[in-house]
Structure formats: C-alpha cells, structure tokens
Amino acid sequence: MMEKKVSVIIPVYNEEKYINRCLDSVVRQTYPKSLTEIIIVDGGSTDQTKSLIANYESLLNIHLIHNAKRMVTYALNLGIENATGDYIIRLDAHAEFKEDYIEKCVYYLNTTDAQNVGGIAETVGIGKFGEMNAEILSSKFGVGNSAFRTETKSGYVDTVPFGAFRKEVFDSVGLFNSALPRSEDNDMNSRIRAMGGKIFMAADIRFTYFCRDTIGGLLNQGMKNGNALFLTLRKNPKAMSVRHFIPFLFVLSLIVMPYLSALLEQFLFVFIAEMLLYGFLDVYFSLKGNKRNFVYKLWMYPLFHITYGLGSVLGMFNIKLY
C-alpha cells in the first residue's frame, strides 16, 4: 500500500510550559518524516512558545502560521486550508504522543471505513495539584462515560479527541465551525455521522494529556466548557450527548428544588435522596485511586460539577465567558 502524506496541525497559544514535550514526541514518531508536514498555528503567543518552536525547524518540516483570531477553530481551519497531505491529524500542545501515534492513525484510516480515527487519552498532571486533577478527569464520576478517557477497548464511537481525518471529509462536511469556542470536536464528529460517516477509536493509539495543574485552572476550564454547551446546542443540536447536560441539571436542581420542597413535602424527599446519592458517589469515587488525595477529591468533584453547571446556566441565557 502506498504511504500517504500526512499534515499534522497543532494550534498553540502561550504553550511554553508544554510545547517541548509535544514536539519531542513528534520528533520521535516512526512515520516517515519525508511524508509528514507539521503545521503549527499560533494565536499570537506572548511567551517563549515561538522561539521554542524554532529549535525544532532543523528536525521537522514545520510551517508556522499566525492566527489573528486566536480561537482554536480558526487555527484548525487555517491549518486545513494550508495542508497538502492526504490525511489531516490534529495534535494538541498540551499532550505527548506515543512514538507510533501517527503511524497507527494512518494504519486505521487505511484499514477501516472510518472518516475520523482517534485513540485513548491518559490524563496526567504536573505537580501535586495536577496529579489530583488528573484523577478527577480520569474518573467516570468526574467526566461521565467519556470513552476516550475511561475506556480501553477499540470500536466505533460518537467522538474522539483531536482526530485523524481523511482530507476529503472536509470537502463533504465543511470546515470546523468558527463560531464555536469549545466542543468543536463534538460538532465535527456529529456532522460526519450525519452524512453516514464513522468515528473509530483504537485502543492502541495512545497519548498523554497534561491537565490543568491548579485548582483555579481546572475550575475555569470546567466553567468555560459548560458555558459553551448551549451555544454548541444552538448551532448543532446533535453535537452534545446526555452526559454533557448532567452538571447543568444538577445545578438547576440545587437552585429549584429548595423552592419546590418548601411548597410540597414530596419534593423535599426527592431532594434529600438526590443529595444522599450524590454524597455517596462523591465519597465512593474519592476513595478510589490515591487515598491520600481523598479530601481534595471530596471537595473538588462537587466544585468541578457545580462550576461546569453554572457555566451552562449562564450559557443558557447567552451570557458568554469567552
């Protein structure tokens, strides 16, 4: 089988803390460098990101493009428009990729009928708070049934992180929706499925994702992700799954149920049952993993869920946080 040319797109903005790990893993890729172009789209970084990227120009076929709009969707679309490869593989600067990542993406694009292929994310953190945050983001209680974070088996799925695409897919479904500040992966994969395409997650495609390493960083991420929920829903009602709405419904219950409980005793029993169930799950999942992080997880799970849900409530009223 003739080897395909690959265009790797990496959106960046002030990634000096992570970009070396990402590009070092790209240098180690087993897929032929002669068939790989690296398109880095920078949103106007003000730190050392661009100077660090320059250190890799002798090792990789790098094209650095400026993204005046800064948003990730604009970066991805600029990358696609400038790509010359048969396949488009999106990477993330916050991640480190197994040496056969590109090779495996190409293999599954060649051997399955999927239009988009992705793999399994191992979420890790830098420092103590980063490690504890990684436990939360790797838990089904923390992020729901997000297969690429919590499962280890291959198969067809609704969405994958980042993604490796056949370039012609974008001719059929269009580019990423530039109006979306978040959830662009869910939107794109929904549009692919709507035209009869398939998304394949391979258990042997692996990467390490470095999560936010502070309390504020994780909560801010949750708030903004939640805030984008209703915007994405308005643009594409099929893009988001049920799990994305659970924090919103949880926060809504915290607001509404006390009032209803004051009116009818039956609501009080329902509210008490909900709080007991949530408390049980919080304790149970906080005890899993590193038990020394029990107290942190016990508080952080509800804070993470509530900030995500509050972001969604604001988004419902079209109050934007981005």
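Residues are numbered from 1 along each chain as its sequence is written, and side-chain values use heavy atoms, with hydrogens and water left out. Since the model is predicted, local features need pLDDT of at least 70 and side-chain atom pairs count only at pLDDT 80 or more, while totals for chains, interfaces and linings use all residues.

Take the helices to begin with. Helix α12 (residues 246-263) packs against helix α14 (residues 294-316) at an angle of about 85°, and the two axes sit 7 Å apart. That makes α12 roughly perpendicular to α14 (a label for angles of 65 to 115 degrees, with under 35 counting as roughly parallel, over 145 as roughly antiparallel and the rest as oblique). Axes here are lines fitted to C-alpha atoms, for helices over the stretch in contact, and angles run from 0 to 180 degrees between N-to-C directions. Helices (H or I, at least four residues) and strands (E, at least two) are DSSP runs, numbered from the N terminus.

On the α12 side, Pro247, Phe248, Phe250, Val251 and Leu254 meet a set of α14 residues that includes His305, Ile306, Tyr308 and Met316, contact being heavy atoms within 4.5 Å. The tally for this contact is 10 nonpolar, three polar and no charged residues. In that count, Ala, Val, Leu, Ile, Met, Phe, Trp, Tyr, Cys and Pro are nonpolar, Asp, Glu, Lys and Arg are charged, and the others, Gly among them, are polar.

Now the salt bridges, of which the structure holds 10 (a side-chain nitrogen of Lys or Arg within 4 Å of a carboxyl oxygen of Asp or Glu). Lys297 is buried, at a relative accessible area of 1% (buried means under 20%, exposed over 50%, partly exposed in between, with a 1.4 Å probe and protein chains only).

Arg28 and Glu96 form another bridge, with 3.2 Å between the closest N and O atoms. Arg28 lies in the loop between α1 (19-27) and β2 (36-42) and Glu96 in strand β5 (residues 95-97), so parts 68 residues apart in sequence are tied together. Arg28 counts as partly exposed at 43% relative accessibility, and Glu96 counts as partly exposed at 24%.

Asp113 and Lys198 also meet in a salt bridge, at 3.0 Å. Both count as partly exposed, Asp113 at 39% and Lys198 at 34%. Finally, Arg90, Glu184 and Asp185 are linked in a salt-bridge network.
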